[in-house]
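Let's take a walk through this structure together, one contact at a time. Have the view open and turn it as you read.

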Amino acid sequence: MSYSFAIAGDALADLKTLDSWLQEEVLDEIDTLGASSAIFPNLPNAGDTVYAFTRVHSGVKHHIALVLTRNDSSKTFTVLGIVHQIQT
Amino acid sequence: MSALELVDLLPQLGDLTVAAAERWVAAALAQATALREHDPWLYPIEPERQQAAERLHAAWKHWADDVEALVRRAEPLQPVRGLEDLRQALGRVQALFKLTPAMIAQRRQQAAPGKVYSVEEARRELQLRDRG
């Protein structure tokens, strides 16, 4: 199963609020997801899913979550939202 | 949803022992695992599932409130087994609170006919170095 990834305008606006190093990390992660669907966890049959990952930067843990919507006819995942939380 | 309100309860129970903290941490992690089974319901496409999605978000908020209280009480007791995993689960869900089901429903409608970007286009838009 091979799906391409696209980023909605609203999600791009989310991305613009992040520091540039984290923007790079998010886009790299989306690239990785597109290159290897095997690492993608338990895809639902249809609809939206959440993919979360963490990065440590300068000793601080950052949580990032992507809300993705899947279109089986176009074999596309579209990132609808990108959210970020610093671990307290 | 938790039957106990740890936010209110824990401060009334005196000092928390490491053993008790580890029991509560394990219970909170088990609850998070159960809630995550319902992740596909967090942002449903079907309008009739929106209310259930709102309630699932509320359940996570309740869980997060309890876990924040637990983490505050457990932190001075380090090391507490599972506490880092719990912080990790808390961070994930706190990030998700920033996107409500209604927000994603609206975004989905706008994205369907609207402009979407490839990763390369996003890199150019953000003036990041192209990795391609």
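Six salt bridges run between chain A and chain B. Keep in mind that this is a predicted model, so treat what follows as a reading of a prediction. Look next at which parts of chain A do the touching: strand S1 (4-8), helix H1 (9-16), helix H2 (20-35), strand S2 (47-57), strand S3 (60-71) and strand S4 (76-86) each supply at least two residues of the side that touches chain B. Sort the residues on that side by kind and you get 16 nonpolar, 13 polar and eight charged.

How much area do the two chains bury between them? The figure is about 3,000 Å², with 59% of it on carbon and sulfur atoms. Count residues instead, and you find 37 of chain A in contact with 32 of chain B. There are also eleven residue pairs in polar contact across the interface, with both residues at pLDDT 80 or more.

The chains even share some strand pairing. S1 of chain A pairs with strand S1 of chain B (residues 116-117) in the antiparallel sense, over two bridges.

Now for the charged pairs. Side chains of opposite charge can pair when their charged atoms come close. Over all chains, the whole structure holds 16 salt bridges. One of them sits inside chain A: A:Glu29 and A:Arg55, with their closest N and O atoms 2.5 Å apart. This pair ties together distant parts of the chain, as A:Glu29 belongs to helix H2 and A:Arg55 to strand S2, 26 residues apart. Are these two buried or exposed? A:Glu29 has a relative accessible area of 10%, so it is buried, while A:Arg55, at 22%, counts as partly exposed.

Compare that with a bridge between the chains. A:Lys61 lies in strand S3 of chain A and B:Glu84 in helix H4 (residues 83-96) of chain B, so this pair joins two chains. The closest N and O atoms of A:Lys61 and B:Glu84 are 3.2 Å apart. A:Lys61 is partly exposed at 22% relative accessibility, and B:Glu84 is partly exposed too, with a relative accessible area of 36%.

Another arrangement turns up within chain B, where B:Asp65 forms a salt bridge with B:Lys61, the closest N and O atoms being 2.8 Å apart. Both are in helix H3 (residues 50-74) of chain B, and because they are four residues apart there, about one helical turn separates them. B:Asp65 is partly exposed, at 30% relative accessible area, and B:Lys61 is partly exposed at 39%.

Let's finish at B:Arg92, which is found in helix H4 of chain B. This arginine has a relative accessible area of 7%, so it is buried. What is B:Arg92 in contact with, leaving aside its neighbours within four places in sequence? From chain A come A:Val50, A:Ala52 and A:His63, and from chain B come B:Arg36, B:Asp39 and B:Trp60.

Terms used
Residues are numbered from 1 along each chain as its sequence is written. Chains are lettered from A and ligands numbered from 1 in the order in which they are written. This is a predicted model: local features need pLDDT of at least 70, side-chain atom pairs count only at pLDDT 80 or more; totals for chains, interfaces and linings use all residues. Side-chain values use heavy atoms; hydrogens and water are left out. Contact means heavy atoms within 4.5 Å. Buried area is the accessible area (1.4 Å probe) that two parts lose on being put together, summed over both. A salt bridge is a side-chain nitrogen of Lys or Arg within 4 Å of a carboxyl oxygen of Asp or Glu. A polar contact is a pair of N or O atoms within 3.5 Å; within protein, one must be able to donate a hydrogen and the other to accept it, and residues adjacent in sequence count only if both atoms are side-chain atoms. Ala, Val, Leu, Ile, Met, Phe, Trp, Tyr, Cys and Pro count as nonpolar, Asp, Glu, Lys and Arg as charged, and the others, Gly among them, as polar. Two strands pair if DSSP finds at least two bridges between them. Buried means under 20% relative accessible area, exposed over 50%, partly exposed in between (1.4 Å probe, protein chains only).
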